[in-house]
Amino acid sequence: MAIRETQRRHEALGLDEDDLLRMYRHMLLARRVDERMWILNRQGKAAFVISCQGQEAAQVGAAYNLRPGYDYVYPYYRDAGIVITLGMTARDQLLSLLARAEDPNSGGRQMPGHFSSRELNIVTASAPIGVQYPQAVGSAMAFKMRGEDGVVLACGGEASTSEGDWHEAMNFAGIHDLPVIFLIQNNVYAISVPENLQVAGRIVDRAAGYGFPGVEVDGNDVLAVYKVAKEAFERARRGEGPTLIEAKTYRMTAHSSDDDDRRYREREEVEEWRKKDPILRFKQYLHGAGVLDDAKEREIEEEIRAEVDEATEYAENAPYADPESAMRYVYAEEE
Amino acid sequence: MAEKTYREALKEAMTEEMERDESVLLLGEDIGVYGGTHLITDGLLDMFGKKRVIDTPISEAGFTGAAIGMAMMGLRPVVEMMTWNFSFIAADQIIQNAAKVRYFSGGQVQVPLVIRGPNGGGVQLSAQHTHSLESFYGHFPGLKVVAPVTPADVKGMMISSIRDPNPVIFLEAGALYGTRGEVPEGEHTVPFGKARVAREGSDVTLVAYGRQVLLCERAAERLAEDGIEAEVIDLRSIRPLDEETVIESVRKTHRAVSVQEQWRYYGVSSEIAAIIQEKAFDYLDAPVERVSGAEVPAPYARNLELMCFPSEEQVVEVARRVLYQEV
């Protein structure tokens, strides 16, 4: 009975087994790359790591609705799950982490986690948070002005909603009914500051103030996120305007490799959330639905390990950029 | 060539570019029905419609960010800051984003964006409407910064700005919107990084940009009455900066005074003085001097305000000083 119910969940969303396995691989690859990055950091090989761990369901569930290279995405620095879903690889991530010449995001110019790809319409993120939202709204306006049905996915954490830029963007998007989706991954912490000191009321309720719908979703349930995002994308493509999605999730690591989260949160709390790990949950679903068995699970795990190993080796052996190249790309050439 | 105002030249440039290129659009506060608080965009809503002349909420960071997002997708937005003073609210978008997106994308993306509006003071609007922001924005690689003064340059540099694939900070001399000058018809571009010799002379070089160029020209007239021939250099563009024209002039005159409306310390004039001593040290017959605004927030009352800006008298006096002709 339980099995039939779970089967109905993904079928009702129009997802087949291949979709499910693809989503699972994206989530697992994001996680395993992230874990590898921490190891390289602790080995002294990588200066800085910022993590996606715990947020893979929110990211992959939403990004699975994007049309790569057509829709636009403004990821924030935890969104490895999003860019992997769009087609970035483990190698891309590790080249960026180790700041090699071949880093496709910036050629070693920007910190890891600040993804950029012209080809995939991934716009480079800013380190000060929240400033991507007005830009995303501008891109959505460009789609609308051109009469195209592109959608812009703009992402950030709950703390980014404290910034004025977020409100300015929400207002602008509401005024012009723009095809933009604000995906807020509420992971409870902004470095050390917890949600109760960050957010007055509920984030999701704020959408009403700007005249468009807000939806709260269990951010650790990839199918639930996929479902609400799908509705938001369809709404945007029909020209009906923006949607705010608040995905409730949890940051499983410290903010970055530069802080120690034992200073501000209890281990018990982290352990409680580890039980709700989105990858674990999706794996259980896939087992229940008969999409995954132990053998298949091991096979995928091995494939991903090999991919991450290969990427690590490749990136570690890749050359750094010529120091002179630091001067390139400040200005665009005259046309 | 017809005589036109600074304001008309600006509008003409934008109009012609909007007619030429559909991707050019305008964004800002009160620029639509109202035609802009300085009437720069008067009538453009009727000509181009509300899709291309967009009245924004009062939201400087918001609409500047939106323009960046448009520019990254290939549109060519021209953003009006009601005054450059309000751009501090959008400074993160401008400095941390518009100026860096290309670099941080490893050259994948460009931001063909123009931000324009009145800069500097002189019209009794007190300190929060009176900043001269050329050294502030001129400091950041990734931005181009221009400050034209003649209506002809205003037109030519606005066209160049709109066609430039980089973010351009277009600093208008707000106090001069009504001033007149000859403006070439049709296609007229003025390249960045090329200064203009506004007046030729052989005794002393006066370096300025924006409104202070006119002040220097008047001071040069006064000096000429006493037989002193001042050369006036109009920098036109702050970044890139035309060092060569300044150096060439100083090699001829051996003396220089750099004039700016902004405060003395860390300003464009200090940069000019540094460049001259680096590149023309052996040609100098006197220290390079600066004439700058007083070190106070600009006050409102006309008499107090005038006290705080460089004056013709100051320029004449300092020019005499570097000629060792102090009276």
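This is a predicted model: local features need pLDDT of at least 70, side-chain atom pairs count only at pLDDT 80 or more; totals for chains, interfaces and linings use all residues.
## Two helices side by side in chain A

Let's begin inside chain A. Helix 6 of chain A covers residues 132-146, and helix 7 of chain A covers residues 164-176. Their axes come within 8 Å and cross at roughly 20°. Because angles under 35 degrees count as roughly parallel, helix 6 of chain A and helix 7 of chain A are described as roughly parallel to each other. Their crossing is left-handed.

Which residues make this contact? From helix 6 of chain A come Tyr133(A), Pro134(A), Val137(A), Met141(A) and Lys144(A). Helix 7 of chain A brings Asp165(A), Trp166(A), Ala169(A), Phe172(A), Ala173(A) and His176(A). Sorted by class, the contact of these two helices has 8 nonpolar, 1 polar and 2 charged residues.

On the chain A side, the contact is made by Pro134(A), Gln135(A), Gly138(A), Ser139(A), Met141(A) and Met145(A). On the chain B side, helix 3 takes part through Ala61(B), Gly62(B), Gly65(B), Ala66(B), Ile68(B), Gly69(B), Met70(B) and Met72(B). By class, this contact divides into 8 nonpolar, 6 polar and no charged residues.

## The whole interface

Let's step back to the two chains. How many residues does each chain give to the contact? Chain B gives 45 residues and chain A gives 39 residues. The area buried between them is about 3,500 Å², and carbon and sulfur atoms give 57% of that area. In chain B, the residues that lose the most area to chain A are Met73(B), Tyr103(B) and Phe104(B), together 22% of what that side buries.

## Salt bridges

Over all chains, the structure holds 56 salt bridges. Across the interface of chain B and chain A, however, the rule finds 0 salt bridges.

One salt bridge to look for joins the side chains of Glu301(A) and Arg32(A), at 2.6 Å from N to O. This pair links distant parts of the chain, 269 residues apart. Glu301(A) sits in helix 12 (residues 294-317) of chain A, while Arg32(A) sits in helix 2 (residues 17-42) of chain A.

How values were computed: Residues are numbered from 1 along each chain as its sequence is written. Chains are lettered from A and ligands numbered from 1 in the order in which they are written. Side-chain values use heavy atoms; hydrogens and water are left out. Axes are lines fitted to C-alpha atoms, for helices over the stretch in contact, and angles run from 0 to 180 degrees between N-to-C directions. Helices (H or I, at least four residues) and strands (E, at least two) are DSSP runs, numbered from the N terminus. Angles under 35 degrees count as roughly parallel, over 145 as roughly antiparallel, 65 to 115 as roughly perpendicular and the rest as oblique. A crossing is left-handed if the near helix is turned anticlockwise from the far one by less than a right angle, and right-handed if clockwise. Contact means heavy atoms within 4.5 Å. Ala, Val, Leu, Ile, Met, Phe, Trp, Tyr, Cys and Pro count as nonpolar, Asp, Glu, Lys and Arg as charged, and the others, Gly among them, as polar. Buried area is the accessible area (1.4 Å probe) that two parts lose on being put together, summed over both. A salt bridge is a side-chain nitrogen of Lys or Arg within 4 Å of a carboxyl oxygen of Asp or Glu.
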